[in-house]
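User: I have a model open and would like to talk through it with you. Could you take me through the main features, beginning with the overall make-up of one chain?

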Amino acid sequence: MDACASKYPILILATEDCSYPGANSVGQAHQNYPDNTYIIRTPTPALFPEKFYLDCFAKGIGGIIIMSCGVECPYEGAYPALAKRVDRIYALMKQKGLDIRRLRLTAICTVCNRAFIKEVNLMNQVVAELGAPGSEARAA
Amino acid sequence: MSKLNNCQEQPKIGVYVCHCGGNISDHVDVAKVVEQAGGLDNVTVARDNSFMCSDPGQELIIEDIKSGKVNRIVVASCAPALHESTFRGAIARAGMNPYLYEHANIREQVSWVHHGPGATDKATALVAAAVGKAGELEALEPIRVEAEAHATVLGGGVAGMSAARDLAAQGLKVALVEKSPFLGGQVAQLDKTFPSNEAAGELLSALAAQVLADQRITVYTCAELSEYSGYVGSFKLKIRRTPPSGEDLERLALAKDAAPGEFVPFVGVAAWPVPYEAEEVALVSGAIVLATGFEHYTPPMGEYGYGQMPEVITLPELIRLMADESATGEQLVVNGKPVGSLALIHCVGSRQIPGVHQPGPDGKLNQHCSRVCCTATLQAACELREKFPETNVFELYRDIRTYGRGHEEYYLNAGRSGVIFARFEPEAPPVVTQGGEDSALTVTVLDKLLAGEELAIGVDLVVLAVGMEPRDNQSLVEKMKLPVGADRFLLEVHPKLRPVELPAAGIYLAGACQAPMDTSEAANAAGAAAAKAGAILSAGFVELDPFVAEVDESKCVGSGACVQACLADEAIEMIDTQVGKRARVNPALCMGCGVCVAACEQGAIELSGWTLGQYEAMVDAIVAQALPQGA
């Protein structure tokens, strides 16, 4: 395993109304989590097309956690649209030999501190195990 | 608003890193972050300050803008929810477009969660990402739409009437739309309200008198929203009034002699006349307040014997029995039978647990706490003990949640007045059986307070403290595309930051349509909703955030994919142009979710302020900073 593997950046797409304040809540509680995580604020992750995710992996992002509002999404219909899109991304990832564990769709609320940390740690383990994005295809 | 359109120039980005006292600089090497930021492309100024949000901190930004050193701003500090608007305000004061701004969150998401060199490296990467986005920013202008000085309030309970009164007090015309022939909603089903013990009838009469006397408020009873379109400032609504039927006819019979504005106990405030034939009224409203209220949980047949044993009733039914003027004496009398003892069972239809409780007809459980039933039950227990001292009262509860001001007094008073408490586990609820030694029923409960000892309590009446459920608003939800939470109540944008707003601008929540709340809280929420609606309508126009979809017609091929994907009716339409059909966004209707962006294969539609190009620039910057050397 690549010694630097766990340092491959993890991108977190966090919704403005739920998981981004949720990440701030983790900060307010001074709870630690791995520092290779980069949180990007978005109205809803449903705005990102499939290509965005694949490009991220191609650029070297080790894992992406989509932290949506789930069924609490203020945009009625956005979450089902996002879930369908993620299915399509998984199919494309498989075609490209990318381990689909590198992308995870979650729902994190404004005070879901434990869930936030659990998801980040899980993804960090996955990225540590898999190493550089695309390396799993080369190894296969 | 006229601001310098600085985005026409080559980006000159100013980066300002905050120490936040020591909140950031105790864990992040701010000097190093500033040094690294100064070396990034397009960065012309990189500074730090103990408190960027302070006046001297803001002055740094203002001076750099005015002297022409910068035309885009990045501030790295606390969470954007705290000071994004502060810095946008400073930028605007300097004469620059406030949307040429990006925020890097290096306190909540860096210094408070990471320590050592990793914290500094991450802060550097987040600043680089913000700089990457800032380089792609364009000047935006708020969306300005004309606003009708008229609001529509749906629901004529306490929340709806309060909202209508408060809106009218701001000089707005108001349509108050109530489904039934009466005003007052669920409060009309009460005798006294807590914590003041004020008579519900007096409270409603006073409120309804203000509403009915105000010339600016038009009350439509027996009315429902039948058509909905438009956007903030100009919602086009149709209100359909229909002659009363079913239960409403029974209630009308009880109130047949009531004068307009008169309160009829357990019915409501008469708001005559009722329509004799169906009619439709067209309205144009600048804002809408939803105050459609709640319903009481109805126990299914057999839950604690409800529906099978006539001695098992609900708390609203008990309140009505106690309010009967003839109900006096040493003991409560129900159906001609004296009640020597009664048991009040808490959490019926609230805090339901999967695998323990049976779902309702819709397959859902009420997992929420209804919040008000503990105090309401204790209030009833205190009144029972006071009014009928020879009636023994038992309270069987899971937890007592008397959370509000003055509510705990009911708990203390209940204990002092001889109410006996037994605490049960949800997995082992009380069992109600017919017959007892000297009683109509026996309630068996494993009392946690007595280390799980089984108590068999002989009672003549069992009262179920039923919870609050969302009203069936399906038609409204579908018509207006309202967000609904997992608990089936209407869902606000953010419980703390935007607690009475919906994502669609100009639509607000008031009262228990949003969540279980008591009368005071419903009135508070109504006041907040009215203030929000009034604030946007009073100017005659509405300025909306410019973060809405925008079509690049040079890329659009007219596929209509964005229209298909759009979550808001009519926010995107296909229009005929000289080169064929092209998509066009109505900014006032766009919710800014961006679902259309992902749907367009041509990349012809973007969300202003959140474009894919900006996100890609952020990712590029993160990768450049964070990827291991040689990876």
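Analyst: Starting with chain B of this predicted model, the secondary structure there amounts to 16 helices and 35 strands.

User: OK, and what does chain B span along its principal axes?

Analyst: The C-alpha trace of chain B extends over about 90 × 65 × 45 Å along those axes. Of the 631 residues in chain B, 52% are buried, and among the contacts between residues at least 6 apart in sequence, 73% link residues at least 24 apart.

User: Switching to sheets: what's the strand order in the one with E8, E15 and E14 of chain B?

Analyst: That is an open sheet of 3 strands in chain B, ordered E8-E15-E14, with antiparallel pairing. Strand E8 (182–183) and strand E14 (263–264) of chain B each have a single partner strand and stand at the edges, so one side of each lacks a neighbour in the sheet.

User: And how many bridges hold E8(B) and E15(B) together?

Analyst: E8(B) pairs with strand E15 (residues 268–270) of chain B over 2 bridges, in the antiparallel sense. As for the residues involved, B:Phe182 has B:Ala270 as its bridge partner in E15(B).

User: What about E25 and E26 of chain B, parallel or antiparallel?

Analyst: Strand E25 (residues 431–434) and strand E26 (residues 441–447) of chain B run antiparallel and are joined by 4 bridges, with B:Val431 standing opposite B:Thr444 in E26(B).

User: Which residue in that hairpin takes a positive phi?

Analyst: B:Gly435 does, with a phi near 85 degrees, in a hairpin that has 6 residues between strands E25(B) and E26(B).

User: Last topic, the interface. How many residues of chain A are in contact with chain B?

Analyst: On the chain A side there are 43 residues, in contact with 47 residues of chain B. Helix H1 (19–28), strand E2 (37–42), helix H2 (50–59) and helix H3 (78–95) of chain A each contribute at least two residues to the side that touches chain B, and the largest share, 6 residues, comes from H1(A).

User: How do the residues on that side of chain A divide into nonpolar, polar and charged?

Analyst: The side of chain A that touches chain B comprises 24 nonpolar, 12 polar and 7 charged residues.

Methods
Residues numbered from 1 in each chain as written. Chains lettered and ligands numbered in written order. Predicted model: local features only at pLDDT ≥ 70, side-chain atom pairs only at ≥ 80, totals over all residues. Contact = placed C-beta atoms within 7 Å. Nonpolar A, V, L, I, M, F, W, Y, C, P; charged D, E, K, R; others polar. Pairing = 2+ DSSP bridges. Buried ≥ 20, exposed ≤ 12 C-beta atoms within 10 Å, placed from the backbone.
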